[in-house]
Amino acid sequence: MANTDNLTGVRNSGLAIADPLIGSTTQILEVTGQGEVSVATTLTDVELGIKVQGKTATEVQEQVAQRSTAVVDVLRKLGAQELQTTSIQLNPVYSYKDDTQTLTGFEGLNTLQFELPTVQSGAAIDKAIQAGANVIQNISFTASDEVLQQARLQVLSEAVKDAKAQAQAVFSTLQLTPGQIIDIDINSDDNPRPSSLVSNLTADRVSATASTTPIIGAPQTIEASVSLDIGYSPNSAGTLASATDNLTGVRNSGLAIADPLIGSTAPKTTQILEVTGKGEVSVATTLTEVQLGIKVQGKTATEVQEQVAQRSTAVVDVLRKLGAQELQTTSIQLNPVYSYKDDTQTLTGFEGLNTLQFELPTVQSGAAIDKAIQAGANVIQNISFTASDEVLQQARLQVLSEAVKDAKAQAQAVFSTLQLTPGQIIDIDINSDDNPRPSPFVSNLTADRVSTTPIIGGSQTIKASVSLDIGYSPNSAVILDLPLNGLQQFA
């Protein structure tokens, strides 16, 4: 094979380019590479509100205005950016009894949105609540514009490298020599903010707590794909070996390649066999992703928020000391708890829940969960396993090679049975599957503390399929033998 690049190093060395190609007879491999880059977020967008209920619209609107003004003043003093009003609502409140609707009062809600560095956002939320805010609608994280722009360029480069690596795996397995890159399509994805962290805080007012609730920004993922059409010259393309090849050994030894192929003497009415091979590789997982929480119930919102803040801070400190990676806040919630009797709703207290997510080697994850629970966590929402990025990349290339071998083996079985002589590989399509994380196993833990539980990671499966269009010349075809009912052979 002309290109002797090692597959492992193809991302650095690139594919060999043959120039010129053989005119209009050039065959094409279509391949799409995926790029993904995660960047640390440094900014937090917060949308919070001031909700008031009262007997008259005037009373409600006056309270909303006063408290909104106080919150805006606090946020401006803190240097909040992109500060804006996102909604103003004033609605009547009704009670219903014996099919009769009765006006009982009014409810007003003003919402504000602002942006601050993530390291300042927790304290800003606490101070805004102290000033009169009592609803947090959502929180989301983003990187700076400069970091995002650099990441967009980096992810395109990664997508091209991935496409080249896939192409090299296929060409190497088929013993083909790559030619010119004929066409390039860039398919950059939009880069949305990470999924919003939703929080519902509905207390009338919360005082500043002794501890500031820690908020840790989630990383932001930028993705792109690049499609390459890479030519390969017919005189360098392989043919499947003759029908006498041993099919049993084909997956290990590969099919022999005849060179040159059936050249210009081949009829223009070449027939085609379409075959799709599938590859599947299982790799051991070594990393565990855990999502756990701190859930607290109490009589007042202030009491609950203070306990959640204290226990969340303790859990974060423990996880950081253990070297937890990808540590991030995934949810902040504070909700009223009601009792219902005789069609009457009564506020009985509040429930708060902060959730955190982190990643550690699987061998360390069990002990980390135990220590987090000792520090104050009391909910485990889910656990999932994954292999390292390096192992997954190697598996993706291996699975493409396996898919090509499977397609060749299938084609050889058909050609051998029909006693046909294979010709050029006319077209190659790579259909790499997305590689999702293994299905997480779900755990609901609500005790204050549990004993140590061993955690054993499962395997992760990577799949791909490759389709080959393989020509065979009509003059090499044979007649079918139909012995039924004494029918004679036909041409």
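Tutor: Let's begin with a term: a residue is buried if under 20% of its relative accessible area remains, exposed if over 50%, and partly exposed in between (1.4 Å probe, protein chains only). Helices (H or I, at least four residues) and strands (E, at least two) are DSSP runs, numbered from the N terminus. This is a predicted model, where local features need pLDDT of at least 70, side-chain atom pairs count only at pLDDT 80 or more, and totals for chains, interfaces and linings use all residues. Residues are numbered from 1 along each chain as its sequence is written, and side-chain values use heavy atoms, leaving out hydrogens and water.

Our helix is H3, residues 118–131. Its buried residues are Thr-118, Ser-121, Gly-122, Ala-124, Ile-125, Asp-126, Ala-128, Ile-129 and Ala-131. They pack against H2 and against strands E2 (43–54), E4 (100–117) and E5 (135–142), where contact means heavy atoms within 4.5 Å.

Now look at H2 (residues 57–77): H2 and H3 pack at an angle of about 150 degrees, with their axes 8 Å apart. Axes are lines fitted to C-alpha atoms, for helices over the stretch in contact, and angles run from 0 to 180 degrees between N-to-C directions. H2 is therefore roughly antiparallel to H3, a label for angles over 145 degrees. On the H2 side, Arg-67, Ala-70, Val-71, Val-74 and Leu-75 make the contact, meeting Lys-127, Ala-128 and Ala-131 of H3.

Finally, find the end of the helix: H3 is followed by Gly-132, which has a positive phi, near 140 degrees.

Methods
Parallel < 35°, antiparallel > 145°, perpendicular 65-115°, else oblique.
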